[in-house]
Structures are given as structure tokens and as C-alpha cells.
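Please read it alongside the model.

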Amino acid sequence: MDVTQPARSNESEYEYDYSEYYELDALADFRPCEKHQVKKFSRYFLPVFYSVACALGLFANFTLLYVLVRSKPVRRAHPLCVLCADLLFTSTLPFWAVYAARDWVFGERACKLVTLVYAVGLYGSNLFVACAVLRSRVNALRCFRRFGETTKNVVWCTCVWMLSCLASVTHLHFVDEHHFHGETHCTYHFPHGWKVFMRLQLVVLVFGIPFLLLLGSSVVLFLRTRSSVCSRTLRCAFISTGLFFALWFPYTLVIMLHLLQELHMVSECSMSLHLDLAIQITECIAFTHVFINPAAYVLLNKRVWRVFRAKFVNPREYLLNMSENTDSVSSQDNGVELRALQNFSNPEYEQENTEKQGHFLPQAT
């Protein structure tokens, strides 16, 4: 009895209360992170946005494509390649709209093909910004002056398309159709380390290189500005750089935060929910480039704006002036003036103006 009595006192002294371990708040860190709100938001918002962006993108890009094809003075290989990349990217939006509203219903081959087209359009559109800036600098070298304009265009466009396709190979390799809990998904399945590589590749090729080259060219133009023509080119350069930054920096920032999550530096469920919502919103902001860029190109390029205005805004006045120029011999001076304003028929002035303005327009994203 004397021996057991101290034992009772010790039990009461070291008695524990385990009830707090069974509270819901205490178990919150051990439950799976449920994201019903994120899924509900994407089901209602993304299909509407993708549909509107696809309609506006097709209208804007085909309108600008019509202007460039029908008007030889403003026809350039680089803007045409940018339009092709944007059209490739826009053509995938209806598939993502259906996928956001329901499961992936297009099959395994379509999953790989749509992802490949999407990646090529994404990388190609943004890499042409870097191509435009590099082209304006490299063409100034003496070794490149002996090549013709057509040869240089073919070389630059081929290099950009090849780089875009190479960057898209990783997307094609890791994407596949997966079945999970009765649902069909078109998603990526990465081995260890590849997901971090993919995010870094996206950050560098889609935002890093184009933005740094745009910013560097704007700074160089600012330091060399001495005339009103250069100041207008400088304005276009800063506007295009700012537009590119506004569209793509939020998306890039969220990707970097997701990268920290992949490295297990951010692991809270609430933070993961906010990042998933943020990636959808910023992605939608970035995807507006499919219809913002063609509009910005027309507004910032004076020659393209004049042709666009002549063909769509006041076509009757344009046709009347053209008929008067062809019917009357006495109005040849006016016809020369009209062609000088709208077509820039002087080759030297046309080439110089292209080098100053065409490479700093927001042709990318």
C-alpha cells in the first residue's frame, strides 16, 4: 500500500490531456488541401474568358493580317510571323475553354497536339520581340550588310521558329491524358526536377529575354535621342516596353512563387489556394496579348495606321482620291503626295523608318 500510493500521486501529477490533438484546427495541417473554390472559379470564369479572348484575337489578328497582305508598303516578314504565332496560340483557346468547363473530351492525341501548338505560339510570339531587337542591332554589323533583306528575314524567322519548337518539345514529352477519380485530364507528369526546369524555361524565354532586350533598347534610344523623329520612336519603345511588362510580369511573378512552392519553401494550404487563383487571373491578363498587340501595332505604327484608316475607317474617301489621281493628269502632284503619305515609296526612307519603328512595337507577348 505504501508503495502504490506514491504511484497514484505521480499519475495525477503527470496526467496529460489529449483532447486538443483531436480538434479540427489541430488536424488542419494534416488534411489534404481542398481547392473546391478554385475549381468552381475556373469552371465559371475561364470558359467565358477563353471564348471572348478567342473571338477578339481572331478578329484583331485577321484584320491586321488582311491589311499587311493587301498593302505591300507595310508588308513585313517579322509582323507576319508574329501574327502567325498569335493565331496558333489563339486557335487553342476553344479547347482550353471546353476543358475548363468540363473534362478533357478530345482524346490523347489532341491533348499532345493542342499543347504543342499552344507552346509554339506562346514561345514564338514572345521570342519575336527578342528577335526584333537583336535584328536591329546585328544588322548594323558590317558582316551582315552584304546579305539581302529577304535572306536576313528568312534566317531570323527560321531561327525563332526552330527555337520555339525546341522549347516546346519538353511540353510535348511530359503532357498526356490522365484519368483520376472518374475524371479525364490533359496535364503534365514531370519526373523529379523537370517541373522546376520547365518553370525556369518559361520565365526566361517568355518574359526575361524579351523584356530585358526591350528595356535595353529603350534606354539606348533615350541616350541617343536628338530629334523629333527619334523622340517619337522613343515614345513607341517605352509604350511597347511598358505594355509588355504590364501583361507578362504579374504572370511571371506568380510562376516564380509557384517555383518556391515546388522547392517546398512555401507549403501552407492557404498560400497554395491564393497562388492557384493568382495564376489563373494573371494568366488571363497575359493572354489578352492576342488582341491587344495587333491593336497596339496599328496605333503605334503610323504607316500601318494610315493604311488601316484608308481601308476601314474612310474607304470611300480613299477610293475617291485614288480615282481622281488616276483619271486626271493635272492631279499628279496630289497623287505623288498621297502615295508618299500612305505608301512611303522612297526605299531609303522606308528602310530607315522600319529600323526605327518596327522593332520596338509590342509584337510579342
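## Cysteines

Cys 84 is partly exposed, with a relative accessible area of 40%. Cys 165 is also partly exposed, at 39%. (Buried means under 20% relative accessible area, exposed over 50%, and partly exposed in between, with a 1.4 Å probe and protein chains only.) The cysteine sulfur closest to that of Cys 84 belongs to Cys 81, but at 6.1 Å it is too far for a bond. This is a predicted model: local features need pLDDT of at least 70, side-chain atom pairs count only at pLDDT 80 or more, and totals for chains, interfaces and linings use all residues. Residues are numbered from 1 along each chain as its sequence is written, and side-chain values use heavy atoms, with hydrogens and water left out.

Which cysteines form a disulfide? Cys 111 and Cys 186 do, with sulfur atoms 1.9 Å apart. The cut-off for a disulfide is a pair of cysteine sulfur atoms within 2.5 Å. The structure holds 1 disulfide. The link of Cys 111 and Cys 186 is right-handed, with 85° about the S-S bond. It joins distant parts of the chain: Cys 111 sits in helix H6 and Cys 186 in strand S2, 75 residues apart. Helices (H or I, at least four residues) and strands (E, at least two) are DSSP runs, numbered from the N terminus. Cys 111 is buried at 0% relative accessibility. Cys 186 is buried at 8%.

## Aromatic rings

A search of the whole structure finds 26 aromatic pairs. Rings of Phe, Tyr and Trp (its six-membered ring) pair if their centres lie within 6.5 Å; planes under 30 degrees apart count as stacked, over 60 as edge-to-face and the rest as tilted. For Tyr 118 and Phe 287, the ring centres are 6.2 Å apart and the planes meet at 70°, so the pair is edge-to-face. Tyr 118 lies in helix H6 and Phe 287 in helix H10, so the contact ties together parts 169 residues apart in sequence.

Tyr 118 is buried at 11% relative accessibility. Phe 287 is buried at 3%. Both belong to one aromatic cluster, whose members include Phe 41, Tyr 50, Trp 96, Tyr 99 and Trp 104.

## Pocket and cavities

The largest pocket holds about 2100 Å³ of space. On a 1 Å grid over the protein atoms alone, a pocket is an open set of points with protein on both sides within 12 Å along at least five of seven lines; a cavity is a set where a 1.4 Å probe fits but cannot get out; lining residues have an atom within 4 Å of a point. Grid points are joined across faces, edges and corners, and a volume is the space filled by probe spheres set on the points. The largest pocket has 41 lining residues, with Tyr 99, Cys 186, Thr 187, Ile 279 and Gln 280 nearest its centre. Its lining divides into 19 nonpolar, 11 polar and 11 charged residues.

There are 2 cavities of 30 Å³ or more.

## Annotated spans

The unreviewed UniProt entry annotates "transmembrane region" over several spans, among them 80–101 and 154–174. Such annotations may be inferred rather than shown by experiment. Residues 80–101 are 95% helix and 0% strand, with end C-alpha atoms 33 Å apart. Residues 154–174 are 100% helix and 0% strand, with end C-alpha atoms 31 Å apart.

Notes: Ala, Val, Leu, Ile, Met, Phe, Trp, Tyr, Cys and Pro count as nonpolar, Asp, Glu, Lys and Arg as charged, and the others, Gly among them, as polar.
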